[in-house]
Amino acid sequence: TNYFRMGKSKTSKYYEENPEAAEKRRRYQRKLNKTEKQKKYRAEHTKERRRRGIDGKGGDDVSKKKNGKFVLEHPYKNRARNGADGKSTKK
């Protein structure tokens, strides 16, 4: 299945129709991305993507397991598990 040909998601349609909500989300993301914790997280994952030679090429997400090892997994599976409404299912 080619996921890029499926059309717009409900979320992107919502933000397109509600520019105030979209701006609120962008403000939140800018604030979050400035935190040291988030910078460290991104640096670790980007380093692993570079090591594997897949940085900037799309495809599977690099995900960190509980034991600290990195694995590749489908973005839908990874992002669903890691936070419906910001609530992680990981323990």
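# Strand pairing, salt bridges, rings and a pocket

V62 stands opposite L72 in β2. The structure discussed here is a predicted model.

Colleague: In which sense do strand β1 and strand β2 pair, and over how many bridges?

Modeller: Strand β1 covers residues 61-64 and strand β2 covers residues 70-73, with V62 facing L72 in β2. The two strands pair in the antiparallel sense, and the count of bridges between them is 4.

Colleague: Which residue in the turn of the hairpin has a positive phi?

Modeller: Strands β1 and β2 form a hairpin, and 5 residues lie between them. In that turn a positive phi of about 95° belongs to G68.

Colleague: How is the pair of rings of Y14 and Y15 classed, and why?

Modeller: A pair of aromatic rings is described by the distance of the centres and the angle of the planes. The structure holds 1 aromatic pair. The centres of the rings of Y14 and Y15 are 5.4 Å apart and their planes stand at 65°, and because planes over 60 degrees apart count in this class, the pair is edge-to-face.

Colleague: Are Y14 and Y15 buried, partly exposed or exposed?

Modeller: The relative accessibility of Y14 is 43%, while Y15 has a relative accessible area of 23%. Buried means under 20% and exposed means over 50%, so Y14 counts as partly exposed, and Y15 is likewise partly exposed.

Colleague: How far apart are the closest N and O atoms in the salt bridge of E23 with R26?

Modeller: Side chains of opposite charge can pair when their charged atoms come close. E23 and R26 are 3 residues apart in helix α2 (residues 19-33), so about one helical turn separates them. E23 is partly exposed at 27%, and R26 is partly exposed at 42%. In their salt bridge, the distance between the closest N and O atoms is 3.1 Å.

Colleague: Which residues are linked with E23 in a network of salt bridges?

Modeller: By the rule applied here, the structure has 6 salt bridges, and one of them joins E23 to R26. The network that includes E23 also holds R26 and R30.

Colleague: Is E48, which forms a salt bridge with R52, buried or exposed?

Modeller: R52 and E48 are 4 residues apart in helix α3, about one turn of the helix, and the closest N and O atoms of their salt bridge are 2.8 Å apart. R52 counts as partly exposed, with 30% relative accessibility. E48 has a relative accessible area of 10%, and because this is under 20%, E48 is buried.

Colleague: Which helix gives the largest share of the lining of the second largest pocket?

Modeller: The second largest pocket, with a volume of about 330 Å³, is lined by S9, T11, P75, Y76, R79 and A80. These lining residues divide into 3 nonpolar, 2 polar and 1 charged. The largest share of the lining, 4 residues, comes from residues 75-81, which form helix α4.

Definitions and conventions
Residues numbered from 1 in each chain as written. Predicted model: local features only at pLDDT ≥ 70, side-chain atom pairs only at ≥ 80, totals over all residues. Heavy atoms only, no water. 1 Å grid on protein atoms, 1.4 Å probe; cavity = no way out; pocket = protein on both sides within 12 Å on 5 of 7 lines; lining within 4 Å. Points joined across faces, edges and corners; volume = space filled by probe spheres on them. Nonpolar A, V, L, I, M, F, W, Y, C, P; charged D, E, K, R; others polar. Phe/Tyr/Trp six-rings, centres within 6.5 Å; stacked < 30°, edge-to-face > 60°. Buried < 20%, exposed > 50% of the residue type's maximum accessible area, 1.4 Å probe, protein only. Salt bridge = Lys/Arg side-chain N within 4 Å of Asp/Glu carboxyl O. Pairing = 2+ DSSP bridges.
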